[in-house]
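My entries follow in the order of looking.

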Amino acid sequence: MNSENSTVFKVEDIAKMLSISRNTAYELVRSGKIRSVKIGRTYRIPYSAVEDYLNASVEDGII
């Protein structure tokens with residue numbers, strides 16, 4: 001498995017990567033637009049979920 005593909009991020013990391021607010025990143029995660037796993041009180045987002053979100057956004061013409 002490629003180590004880049006096994007990377008997981010925190011919501012704050014996703015917010016920085018996508019240049020969006022922390023609140024917007026949490027909204028995307030809670031709504032299921034970005035897949036995540038909740039561990040305790042924190043969300044973890046796999047690299048593949050970020051790729052999927054970006055690909056879907058391009059296809060929908062959002063980006």
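Where does Ser19 lie? I found Ser19 in the loop between helix 1 (11-18) and helix 2. Helices here are DSSP runs of H or I with at least four residues, and strands are runs of E with at least two, numbered from the N terminus.

Ground rules, noted before going on. This is a predicted model, in which local features need pLDDT of at least 70 and side-chain atom pairs count only at pLDDT 80 or more, while totals for chains, interfaces and linings use all residues. Residues are numbered from 1 along each chain as its sequence is written, and side-chain values use heavy atoms, with hydrogens and water left out.

Ser19, backbone and exposure. I looked up its phi: Ser19 is not a glycine, yet its phi is positive, about 55 degrees. Ser19 is exposed, with a relative accessible area of 67%. The classes are buried under 20% relative accessible area, exposed over 50% and partly exposed in between, with a 1.4 Å probe and protein chains only.

Ala25. I moved on to helix 2, where Ala25 is found. For Val11, 14 residues from Ala25 along the chain, I noted a C-alpha separation of 6.2 Å.

Whole chain. I listed three helices and three strands, in the order β-α-α-β-β-α from the N terminus. The radius of gyration, taken over C-alpha atoms, is compared with a globule rule of 2.2 Å times the number of residues to the power 0.38. For 63 residues a compact globule would come near 11 Å, and the chain has 11 Å, so the two agree. Along the principal axes, the C-alpha atoms fill a box of roughly 35 × 30 × 20 Å. I noted that 27% of the 63 residues count as buried. Of the contacts with a separation of 6 or more, 39% join residues 24 or more positions apart.

Confidence. pLDDT is the predictor's confidence in each residue, from 0 to 100. The chain has a mean of 92, and 92% of its residues reach 70 or more. Where pLDDT is low, the predicted coordinates should not be read in detail.

Notes: Contact = heavy atoms within 4.5 Å.
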